[in-house]
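The stops below tell you what to select and what to look for.

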Amino acid sequence: MIELFHVSKAYPGDPPVLHDVNLRIDKGEFVFLTGPSGAGKSTLLKLIFCAEKATRGQILVGGRNIARVRESAIPYLRRNIGVVFQDFKLLPHRTVEDNVALTLDVLGVPRIEARERVYQMLKRVGLAHKRDVLPPRLSGGEQQRVVIARALVNDPTILLADEPTGNLDPARTLEIMDLLGDVHVRGTTVVVATHDISLLTRYQRRTIRLEGGRLVADEDGVTLARRLAIT
Amino acid sequence: MSTSAKLRSALRSAVQGVRHGPFVHMVAVLTLAIALFALGLARSADGVIQSLLDALGGSVTVTIYLQDGTPEEEIAILVSTLEEQIGGATRVVTPRQALERLAMELPELSGLLDAFADNPLPASIELTMPEGKRDPEALQSLSKVLAEVPAVGDVDWGEELVTRLAAVAGGLRLGGLVAFIVVLVTTVTVVAATLQLAIYARREEIEIQKLVGATDRFVRVPFIIEGLLQGLLGGALALGLLLLFSHLAAPRVATLLGFLLAGAHDVELVPWRLGLELLAGGATLGLLGSMLAVRRFLRV
């Protein structure tokens, strides 16, 4: 589903953010991407959904080499990838319903059909009763669920989540992680960037660790949990 | 999704954009209106200058003095040839009419004129030059050609007046053109900056749209519609201001021009064509301004 071959990313005048990263994530996998702040987790996600371009190397998403894709084709590629941002990126003056519908508006889904799909999606994340509310009136956990609803409403094959629980308390964190787990059970490939070790031990999923822009470990959840328990 | 459905969706988005940022849109519309009002004023002033010059040019007359004893048939032939080839209005002044005119214009000379046994003044043809043939070069060459005609004694084309008038006209036209260009460049710059400000306020929305897979066209069209609406509104407002200004200023301008030159006071300050130009100019500025401004924020 996602393959990276010798991928590097550097900005002029700065040391590389990512250095010779090779990895493969199969269809339907749930993967944690971890590492300290500045390890390159967010940059890696940005490369996958084409918000940034790799300086070197090849990236295949769903069999397409995105390093060679034309600029005009990027929107169509993004439609298969749902993204959950740490800072939510919700439009504060649009209702919850309008924010989630944005993904379908972009696809040109007829208004009536879009409203129905948005309603079903909001029901799934437990926010149907708040569809007419403006985002600033929601709690952090609720805003994050709106973002997840927006990312999933068009049934993408991949879901990328960048520190989705970064701003949330433990109870809301579990709520969001359960939601992502549910998405994965339905067949979506899920990649979650986090530096929260408690999540890694609790959910025991494949974990890719980045440090200083290099991939330093790629372990399955059980091995990781055992290692963390020993140390 | 059909084209009409897409257009409806873009229109809805444009209306939402206006609803969520009324202040920025109001600033954009007002800026457009003020800029277009200034442009309209410059155009109006240019129109007034043009009318003034036409009126002044109307007084450019070539006087062809005829030899004594030129038969009337020959004068008639000369008049018809002039009317045919030059196209201006002609008037034959007999020696008697010339003397009467002189006595009327300079009454203090009437005693002196009475001392002449015969009328010393020759018959003449006064030719009012048509537009486009009032420049000094054309008049000079015409006077040379006329001087060759046997029946013509002398030709007076008011060399000094015409040369001065041409210099004044050239200066006014150049001044008007420079003023118009300065206002136009300022307008385009201010309008583009204001629209950019309006779009800057919504850069987050553009970024999010792009991140969820919007094409450039999807993002651009509502902004272009907004720009078009702002431009039309700004143009209409400018037209209203200009009509109001014209209503208030027209009597003063008419008095001034009427005093300077008879016949020029019926100049139209806001011709209907200028109204159309303002609306079309507003729409074009709004369109171009928003197209240029939105392009900067599409790179996400």
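## Stop 1: a strand pair and a hairpin in chain A

Select residues 30-34 and 206-211 of chain A: these are strand 3 and strand 9, which pair in the parallel sense over four bridges. The model is a predicted one. Pick A:Phe32 and look across to strand 9, where its bridge partner is A:Thr207.

Strands 9 and 10 of chain A form a hairpin, with two residues between them. Stop at A:Gly212 in the turn: its phi is positive, about 55 degrees.

## Stop 2: A:Val17

Keep A:Gly212 labelled and select A:Val17. The two residues are 195 apart in sequence, yet their C-alpha atoms are 7.1 Å apart in space. A:Val17 sits in the loop between strand 1 (2-9) and strand 2 (18-25) of chain A.

Is A:Val17 buried or exposed? A:Val17 is buried, because it has 22 C-beta neighbours inside 10 Å, and the cut-off for buried is 20 or more.

Next, show what A:Val17 touches. Leaving aside residues up to four places away in sequence, its contacts are A:Lys9, A:Ala10, A:Tyr11, A:Gly40, A:Thr43 and A:Gly213.

## Stop 3: A:Asn65

Move to strand 5 of chain A, residues 64-65, and select A:Asn65. A:Asn65 is exposed, because 12 other C-beta atoms lie within 10 Å and a residue with 12 or fewer counts as exposed. Beyond residues up to four places away in sequence, A:Asn65 touches A:Gln58 and A:Leu60.

## Stop 4: two crossing helices in chain A

Select residues 96-107 and 111-124 of chain A, which are helix 3 and helix 4. Their axes come within 9 Å and cross at roughly 120 degrees. Helix 3 and helix 4 of chain A are therefore oblique to each other. The crossing of these two helices is right-handed.

Show the side chains at the contact:

- From helix 3 of chain A: A:Val96, A:Glu97, A:Val100, A:Ala101, A:Leu104 and A:Asp105.
- From helix 4 of chain A: A:Ala114, A:Arg117, A:Val118, A:Met121 and A:Leu122.

Colour the contact residues by type. They divide into eight nonpolar, no polar and three charged.

Of its 231 residues, 41% count as buried. Among contacts in chain A with a separation of 6 or more, 67% join residues 24 or more positions apart.

## Stop 5: the sheet of chain B

Switch to chain B, which has ten helices and four strands. Along the sequence, the pattern reads α-α-β-α-β-α-α-β-α-β-α-α-α-α.

Select the strands. They form an open sheet of four in the order 2-3-1-4, with antiparallel pairing. The edge strands are strand 2 (89-93) and strand 4 (152-156) of chain B, each pairing on one side only. Look down the sheet: the twist averages 20 degrees from one strand to the next.

Focus on strand 1 of chain B, residues 61-66. Four bridges join this strand to strand 4, and the two run antiparallel.

Now take chain B as a whole. Buried residues make up 28% of its 300 residues. Of the contacts in chain B with a separation of 6 or more, 86% are between residues 24 or more positions apart.

## Stop 6: where the chains meet

Show both chains. Which elements of chain B give two or more residues to the side that touches chain A? First, the extent: 15 residues of chain B are in contact with 15 residues of chain A. The elements to select are helix 1 (3-20) and helix 8 (203-211) of chain B. Colour the side of chain B that touches chain A by type: eight residues are nonpolar, five polar and two charged.

Key: Residues are numbered from 1 along each chain as its sequence is written. Chains are lettered from A and ligands numbered from 1 in the order in which they are written. This is a predicted model: local features need pLDDT of at least 70, side-chain atom pairs count only at pLDDT 80 or more; totals for chains, interfaces and linings use all residues. Two residues are in contact if their C-beta atoms, placed from the backbone, lie within 7 Å. Ala, Val, Leu, Ile, Met, Phe, Trp, Tyr, Cys and Pro count as nonpolar, Asp, Glu, Lys and Arg as charged, and the others, Gly among them, as polar. Two strands pair if DSSP finds at least two bridges between them. Axes are lines fitted to C-alpha atoms, for helices over the stretch in contact, and angles run from 0 to 180 degrees between N-to-C directions. Angles under 35 degrees count as roughly parallel, over 145 as roughly antiparallel, 65 to 115 as roughly perpendicular and the rest as oblique. A crossing is left-handed if the near helix is turned anticlockwise from the far one by less than a right angle, and right-handed if clockwise.
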